[in-house]
Amino acid sequence: MKRILSLFLLSWVIMMFSCKEDDFAYDSEIQNKQNISFEELQKKLSGSSVSKRFSIPGIMGKDMTDFEIDTAEIVEINTTSSTTYSMKIVPLDGEDGNLYNLYIYDKNGEIIQDIVKYELAGEEKISAENTEVIYSSKNSAAGCLMLVIAPCEYGYWHDDAHCEGSGWVVVYIGDCGGSGSGGGGGSGDGGGDAGGNDPVTPVGHEPADGSGGGGGGSGGGGNQELSPCELGKKLKTDTAFKNKMQNLKNSAQNDNFEKGFLMEPGVNGSNIYTQVQGSPNDPQISIEIPLGEEYSGLIHSHYNGLLSVFSASDLSTMYSMFLNGNMAQPERNFVMGLVTADSTTYLVVIEDYTKFDNFGQTFFSVPGVYNGLETIYAVTYGITPENTASSNEQNFAKLLKHFNSGLKLMKGNYLNFYGWETVDVDNNNNVTTNYYQ
Amino acid sequence: MKNYKLLILLLFSCILFAQERIIDGNERPENYSPQKGDYLTNNLLDDFEGVFIWKNDNGKEILITLIKKKFYYEIADFYTDMLFGSIEYKRNNKIIIQKKVIESKDKISTSDTKTSPYQIMGGVVTSQSVELSINDEEKNKHIVGIFTKLENGKYLLKLKELRDNTIIRPGERGKESGFTLPEEMILIKLK
C-alpha cells in the first residue's frame with residue numbers, strides 16, 4: 001500500500017514539474033549510490049568546483065546568503081546517463097526551519113549546481129508544493145530534481161528501509177540529466193545571456209572594443225595595507241570585481257584565447273578595468289605598460305588545456321610589474337587573479353616583499369633560469385595541465401612556500417567569486433584552506 | 001671525557017654521512033614534497049646531451065653543444081638536472097655567434113647564471129622534445145627552441161618567439177622580430 005502511495009506521489013510530482021516522462025530515471029536506473037567524503041567530492045570535481053562554504057547573492061530576500069555544506073552526508077548517485085552529487089547545505093546565519101540541498105551534476109560536459117529549498121514545517125512531508133529551486137548555475141533545474149537528502153523524519157516517499165547512514169533518507173524524485181524544461185524567468189541585470197535566476201550573470205555592458213569601462217567596487221587599491229584575508233574579505237563584496245571575474249569565467253569556458261583585465265585605482269577605492277587579451281590558441285597576453293604606471297591588480301583567464309593554477313609566466317608578469325613600479329602602493333594590496341576552464345579561481349598576493357624580490361631575481365632576471373622554474377613546475381611538483389586541479393593546487397601552494405616566493409595563494413568560490421580562502425602549507429607539508437568570515 | 005669523544009664522533013659521522021636525497025624526477029613518489037638538499041634527477045635529458053651540427057649549401061654552419069648538469073637553486077637549497085649549452089654560428093667561415101665555453105664544473109647554481117649567462121638552457125621534456133631557451137645575441141632576445149629527437153642520430157630544432165605573458169614598455173615593440181638562426185633545421189649528432 002505504501003509502495004502504491006509512493007508511486008502515486010511520484011507520478012503527481014512528475015506532472016507538477018512538467019518534465020517529460022523519459023527525462024526521469026527510476027530507482028532501477030540508479031546503477032550505484034554511495035556516500036563519499038568531501039575530499040573525494042573535490043577530487044571527482046577536479047578539486048575546485050565546490051567549496052565547503054560559499055555564498056549566493058539575491059536569494060532568500062538577502063543580498064548575500066552564506067551556506068556551508070554538511071560534509072557528513074554527501075551522496076554520489078550514478079545512473080546510466082549521469083552522475084549527481086547530492087548534499088545538505090546549511091545557511092550560515094542560522095537554520096530557518098527549511099531544508100536545503102545542493103545538487104552538482106554534469107550536463108553535456110558542463111558542471112551544473114542547483115540549490116533546492118524544501119519548506120518543512122512540523123510533520124509536513126516533502127512535496128512539490130514545498131519544494132523550490134532557489135538557485136541554478138545554468139537555469140536548468142526547474143523541478144527536474146534527482147534526489148533529496150532529508151532527515152529520516154521527513155520525506156517518507158519511500159519505505160523506511162531507504163533511510164540510510166546517519167539518519168538521512170535518499171528520496172528519488174527525477175532526473176536532471178535530461179534536457180530540463182524550465183528555468184528562465186527572473187529579470188537578470190543585463191549583460192549576460194543566460195537570464196533566469198543565475199546570480200552571477202554579469203552586470204552592465206562589456207565594452208566591445210575592450211578599451212576600458214567597468215569600474216566601481218573596492219578592489220585591491222587603497223592606501224591601507226591589507227593582509228591576504230582582509231583583501232579576500234574586501235573583494236568578496238566588490239561587485240565590479242566579481243563581474244569581471246565572471247566575465248573571465250565565461251571566456252575561460254568558451255574561448256580559446258587568454259583574456260584579462262588590468263585594474264587601475266579609481267576614485268573612492270574603486271577600480272577602472274581595462275580589458276586585454278591574447279590571440280587564439282596562443283597562451284599569452286602581451287600588455288603594454290609604461291614604467292611606473294600603477295595598477296591595483298591584473299586578473300586573467302586560462303582557457304581549456306592550460307594550467308589550472310598560475311603559470312611560471314604569470315608569476316614572471318607579476319614580478320615584472322613589481323620590479324617596474326607598476327603596482328599601486330602598497331604592493332601587498334595588488335591582486336593577481338586567475339579564472340580557469342578547470343573550474344578553479346585563485347589570487348596570489350605578496351606577503352613578503354624581500355622574499356618575492358629574491359624569488360623574482362632568481363627565476364626571472366636570467367631568461368634561461370625561467371626554464372628552471374618550468375622544470376620545477378613539471379618535474380619537481382608535477383604541476384601540469386594533465387594533472388588534476390586539486391593536485392596542481394596543492395603542489396603550487398607547496399612550490400610557493402618551499403621556494404620562499406613571499407606569495408600567498410588564495411582560492412576562490414568558482415560559483416560566484418564570493419569569498420576567498422588562503423591555501424596554507426604547514427611545516428609538515430600539509431595543505432589546508434582557511435576561510436575568513 | 002669518553003662522552004665528549006663520543007659526541008665528536010657522532011657529529012663527525014653526521015657530517016660524513018649527511019647525504020642529499022636523490023629522487024628520480026620521472027618516477028616521483030606519490031605526494032612527494034621537496035626537502036632541503038634534495039636532488040631531483042631527470043634522465044630524459046640524457047637523450048639530448050651531445051654535440052650537434054647543421055650545415056647547408058650556402059656556407060651556413062651551426063654547432064650546438066648540450067650538457068646535462070646538476071643545477072642548484074640557492075633559494076630553496078634544492079637541485080634539479082638541467083641542460084646547459086653553447087652555440088656557434090658561422091656563415092662562410094665567418095663567426096656570427098661566438099661559442100661560449102660551458103664551465104667544466106659539475107654543479108651550476110642560480111647565482112652562476114647571473115655572472116656568466118649560458119647561451120642555452122633547458123629542462124622540460126615532453127614527447128621526445130626538450131624546450132630550450134636560446135639567447136639570440138644578434139637580436140638581443142631570448143627565443144624558444146623545441147629540440148626533438150628523431151631517428152638515426154638526427155634532431156629537429158624549431159625556433160619560435162618566447163611565448164609567455166609579457167609586459168612591454170612603450171617603445172619596446174620595435175624589438176626585432178624573427179631569428180638570426182634558421183627557423184627550422186635538422187642537426188646530426190656528432191658525439
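**A walk through the predicted complex**

The buried residues of α3(A) pack against α4 (239–254), β15 (335–340), β16 (345–350), β17 (407–412) and β18 (420–425) of chain A. Contact here requires C-beta atoms, placed from the backbone, within 7 Å of each other. Helices (H or I, at least four residues) and strands (E, at least two) are DSSP runs, numbered from the N terminus. Helix α3 covers residues 228–236 of chain A, and its buried residues are Pro228(A), Leu231(A), Gly232(A), Lys234(A), Leu235(A) and Lys236(A). A residue is buried if 20 or more other C-beta atoms lie within 10 Å of its own, exposed if 12 or fewer, and partly exposed in between.

This is a predicted model: local features need pLDDT of at least 70, side-chain atom pairs count only at pLDDT 80 or more, and totals for chains, interfaces and linings use all residues. Residues are numbered from 1 along each chain as its sequence is written, while chains are lettered from A and ligands numbered from 1 in the order in which they are written.

Next, the nonpolar cores. A nonpolar core is a set of buried Ala, Val, Leu, Ile, Met, Phe, Trp, Tyr and Cys residues joined through C-beta atoms within 7 Å. The largest has 100 residues, of which Val348(A), Val349(A) and Leu409(A) touch the most other members. Beyond its neighbours within four places in sequence, Val348(A) contacts Phe310(A), Met318(A), Met336(A), Leu407(A), Lys408(A) and Leu409(A). A second, separate core holds 25 residues, including Leu41(A), Met87(A), Val116(A) and Tyr118(A).

Strand β6 (residues 110–119) of chain A carries Asp114(A). Asp114(A) counts as buried because it has 26 C-beta neighbours inside 10 Å. Ser86(A) lies 28 residues from Asp114(A) along the chain, yet their C-alpha atoms are separated by 9.7 Å.

Now the helix pair. Helix α5 (residues 312–323) and helix α6 (residues 353–364) of chain A pack at an angle of about 120 degrees, with their axes 10 Å apart. Axes are lines fitted to C-alpha atoms, for helices over the stretch in contact, and angles run from 0 to 180 degrees between N-to-C directions. From α5(A), the contact uses Ser316(A), Tyr319(A), Phe322(A) and Leu323(A); from α6(A), it uses Phe356(A), Gly360(A) and Phe364(A). By class, that gives 5 nonpolar, 2 polar and no charged residues. Ala, Val, Leu, Ile, Met, Phe, Trp, Tyr, Cys and Pro count as nonpolar, Asp, Glu, Lys and Arg as charged, and the others, Gly among them, as polar.

Ser365(A) sits in the loop between α6 and α7 (367–380) of chain A. With 14 other C-beta atoms within 10 Å, Ser365(A) is partly exposed. Ser365(A) and Ser320(A) are 45 residues apart in sequence, and 9.6 Å apart in space, C-alpha to C-alpha.

Chain B has 191 residues, and buried residues make up 30% of them. Its elements are 2 helices and 13 strands. Among its contacts between residues at least 6 apart in sequence, 48% join residues at least 24 apart. The mean pLDDT of chain B is 85, and 83% of its residues reach 70 or more. pLDDT is the predictor's confidence in each residue, from 0 to 100.

Finally, the interface. Here 32 residues of chain B are in contact with 39 residues of chain A. On the chain B side, β4 (60–73), β5 (78–91), α2 (110–115), β8 (120–126), β9 (129–136) and β12 (166–168) give two or more residues. The largest share, 4 residues, comes from β8(B). The chain B side divides into 14 nonpolar, 12 polar and 6 charged residues. For the complex, the predictor gives an ipTM of 0.83 and a pTM of 0.63.

Definitions and conventions: Two residues are in contact if their C-beta atoms, placed from the backbone, lie within 7 Å.
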